Amino acid sequence: MTSQPAHAQSAVQPIIWTGASLRLLDQRVLPAQERYLDCKTAAEVAEAIHSMAVRGAPAIGIAAAYGLVLDARTDAQAFDHADALLAASRPTAINLRWALARMRGVWTHARDVASLEKEARRIHQEDLRQNLQMAELGAALLPQGARVLTHCNTGALATGGHGTALGVIRTAHAQGKLAAVYNTETRPWLQGARLTAWELQREGIAAKLIADSAAAHLMNREKIDWVIVGADRIAANGDTANKIGTYMLAVAAQRHGTRFMVVAPTGTFDPNCASGEQIPIEEREPEELTRFRGEAIAPPGFDAFNPVFDVTPAELIDAIVCERGLIEEPTAAKIRALLS
Ligand code: MRU
């Protein structure tokens, strides 16, 4: 294991490979409970991804890779079925398909479970390393005394450790660069209020929670230097799918002179999507909006539209930070050059 800076040693271990099973910190019940699910089959991992016990683009890729190992070692014929099951568990984050494709490459070549397991571990460890690289690059963009706003949860819970956008915030905090951190609650699933706030508190990073709808008001009243977010899929032209509400933040940021940073590893780029229009946007159950903790909050029978991601056009993004480097004012040519 490579040595890491002290601030990178996260106490949060959301994905634990025991060798016999995949233990997942159940993110549906945080912060009230710290409970682990023990997945022993690919079907159980697919269900954990679909039900969001594990979530965040890199984290679901890592979990899916281990899920393949679980089934392939009990039945070598099970690979294709497990692969299809895991690929169908959530549609937007390309990291899931990217990790499965890597695992398929190894399986096709070696047909051996030990190599498959090694590849899953590698995907997991690589993600942490990439997060640390991106965190340095992203933090270097921030001015001393930076005031930042982040959305959703992009921390250790959503990745192999440290985090993407939240990784930049952790590293900038360790460098003493931050004057203010705000995080949105992230309706309707509350990744910000439940998960990001939990991680920030554990890290001892002072921050303030805001309602999603308070972001433009905040930018209007106070100088916010950067909005920093993660990504679920970045199209060839830089259009970026991320948690619903990201696009609204980018529009508000442009209006208020706030810069906008996307932090994502190469596994999040999808050269097969020419633009954001081709990115599939997951829609989840209307009940995520009409009910809260089992209680109805809308009149019975009232319908709801619940897209859980949106696309921010590349022209609203000031910088994409990836482990391979920084792309300012992203274009298709700059992205191609970085990835090639
Ligand atoms: O629905 P979720 O919680 O899986 O959505 C997560 C996000 O949108 C994150 O911003 C994204 O996956 C990047 S996580 C490093």
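Which helices each supply at least two residues of the lining of the second largest cavity? The legends below take up the cavities in turn.

Figure 1. The model is predicted, with residues numbered from 1 along each chain as its sequence is written. Local features need pLDDT of at least 70 and side-chain atom pairs pLDDT 80 or more, while totals for chains, interfaces and linings use all residues; side-chain values use heavy atoms, without hydrogens and water. The whole structure holds 3 cavities of 30 Å³ or more. A cavity is a set of points, on a 1 Å grid over the protein atoms alone, where a 1.4 Å probe fits but cannot get out; lining residues have an atom within 4 Å of a point. Volume is the space filled by probe spheres set on the points, which are joined across faces, edges and corners.

**Figure 2. The largest cavity, about 190 Å³.** Among its 23 lining residues, Arg55, Gly56, Ala57, Asn153 and Asp232 are the closest to the centre. Helix H2 (57-72) and strand E9 (240-243) each give two or more residues to this lining; helices (H or I, at least four residues) and strands (E, at least two) are DSSP runs, numbered from the N terminus. Because domain 1 (15-130) and domain 2 (135-339) both contribute lining residues, the largest cavity lies between them. Domain bounds come from an automatic or database assignment.

**Figure 3. The second largest cavity, about 80 Å³.** H2, helix H4 (94-110) and helix H5 (113-141) each supply at least two lining residues. H5 gives the most, with 4 residues. The lining includes Pro58, Trp98, Glu126 and Pro265.

Key. On a 1 Å grid over the protein atoms alone, a cavity is a set of points where a 1.4 Å probe fits but cannot get out, and a pocket is an open set with protein on both sides within 12 Å along at least five of seven lines; lining residues have an atom within 4 Å of a point.
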